[in-house]
Amino acid sequence: MTDELELLKKDWQKKEFNVPKLSYEDIHKMIWKKSSSIVKWILIISILEFTLPHLLYLLPSMREGMEIYDKIGVSKYLLIISVFTYAVAFYFIFQFYKRFKEISVLDNSKNLMKKIIKTRKTVKHYVIFSLSMIMVTIIIMIIGVYLNDNIVSAFPELKDSLENISAEKLKITVMLSIGIFGVILTLLMGVIYFLLYGLLLRKLKKNYSELRHLAV
């Protein structure tokens, strides 16, 4: 029995000896590489998010659907909002690129922690801005419908079925429909952002916590 215990002890000691021991520098490099990879994915996702929806405009059905903005008289205001949104989106994409370049340079734990905090703040601001722009667009469309004096002309294909409905009732129906659609779209995009960016931000937060433990 004693011989068996001794053999087990020797075997365990060999296993302990064979386990690689990571130094502070090794752990720091691992966290830095993981953080750099996460920020790279944030940059890639933001670029895809900006470019992919615009490919839908190439579809004829999508272009025809855009004509509704002219009919309800909001195309000019939406154009202004679109230009503003594009400008700010480019700004955020550039900021993500900057964060990626900054975090790609191996630095000490203190500076790496600062870069992680800056990246997390930039992503949160971007998500808030994107969701806000969806709601602003919906509000402009609702106002456009409210100010339109001939709302029936915006839906000529429904002219026959709308004969027994007053213009005011039609306005309220359309405004409510746009409002409900806007809320659902905002919530849906919020869930998508939470799944995409939220997951990456949680990983960055974990890396930040690990760096804090190393710094102690």
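Predicted model: local features only at pLDDT ≥ 70, side-chain atom pairs only at ≥ 80, totals over all residues.

Trainee: How many aromatic pairs does a search of the whole structure find, and why is the pair of phenylalanine 50 and phenylalanine 90 called tilted?

Mentor: The search finds 10 aromatic pairs. Rings of Phe, Tyr and Trp (its six-membered ring) pair if their centres lie within 6.5 Å, and planes under 30 degrees apart count as stacked, over 60 as edge-to-face and the rest as tilted. Phenylalanine 50 and phenylalanine 90 have 5.0 Å centre to centre and 55° between the planes, so the pair is tilted by that rule.

Trainee: What makes this pair a tie between parts that are apart in sequence?

Mentor: Phenylalanine 50 lies in helix α2 (residues 24-55) and phenylalanine 90 in helix α5 (residues 75-103), so the pair ties together parts that are 40 residues apart in sequence. The helices here are DSSP runs (H or I, at least four residues), numbered from the N terminus.

Trainee: Why is tyrosine 126 with tyrosine 197 called edge-to-face?

Mentor: Tyrosine 126 and tyrosine 197 show 5.9 Å centre to centre with 75° between the planes, and therefore the angle falls in the edge-to-face class. Tyrosine 126 belongs to helix α6 (residues 109-147) and tyrosine 197 to helix α7 (residues 167-215), so this pair joins parts that are 71 residues apart in sequence. Ring pairs also link both tyrosines into a cluster with Phe84, Tyr91, Phe92, Phe96, Phe129 and Tyr193.

Trainee: How do you know whether tyrosine 126 and tyrosine 197 are buried or exposed?

Mentor: Buried means under 20% relative accessible area, exposed over 50%, and partly exposed in between (1.4 Å probe, protein chains only). Tyrosine 126 is at 5% and tyrosine 197 at 1%, so the two count as buried. Glutamate 49, found in helix α2, touches both tyrosines as well as Ser130 and Tyr193, not counting residues up to four places away in sequence; contact here means heavy atoms within 4.5 Å. With a relative accessible area of 22%, glutamate 49 is partly exposed.

Trainee: What makes lysine 171 a charge over the ring of tyrosine 146?

Mentor: The rule asks that NZ of Lys or CZ of Arg be within 6 Å of the ring centre and within 35 degrees of the ring normal. The charged end of lysine 171 is 5.8 Å from the centre of the tyrosine 146 ring and sits over that ring, and the charged end of arginine 202 sits over the ring of phenylalanine 194 at 5.2 Å from its centre.

Trainee: Why is lysine 34 with glutamate 210 called a salt bridge?

Mentor: A salt bridge is a side-chain nitrogen of Lys or Arg within 4 Å of a carboxyl oxygen of Asp or Glu, and the closest N and O atoms of lysine 34 and glutamate 210 are 3.8 Å apart, so the pair qualifies. Lysine 34 lies in helix α2 and glutamate 210 in helix α7, so the bridge ties together parts that are 176 residues apart in sequence. By this rule the count comes to 3 salt bridges.

Trainee: What joins Arg99, Glu102 and Lys118 into one network?

Mentor: Glutamate 102 bridges to arginine 99, with the closest N and O atoms 3.2 Å apart, and to lysine 118 at 3.7 Å, N to O. Salt bridges that share partners join these residues into one network. Arginine 99 is buried at 6%, whereas lysine 118 is partly exposed at 40%.

Trainee: Which residues make the nonpolar surface patch?

Mentor: Met135, Ile139, Ile143, Tyr146, Leu147, Val183 and Leu187 make a nonpolar patch of about 690 Å², and α6 gives the most to it, with 5 residues. Patches are made of residues with over 30% relative accessible area and no salt bridge, where like charges are joined within 9 Å and nonpolar side chains (Val, Leu, Ile, Met, Phe, Trp, Tyr) within 5 Å; the areas come from the Shrake-Rupley method with a 1.4 Å probe, and for residues only the protein chains shown count as cover.

How values were computed
Residues numbered from 1 in each chain as written. Heavy atoms only, no water. Helix = DSSP H or I, 4+ residues; strand = E, 2+ residues; numbered from the N terminus.
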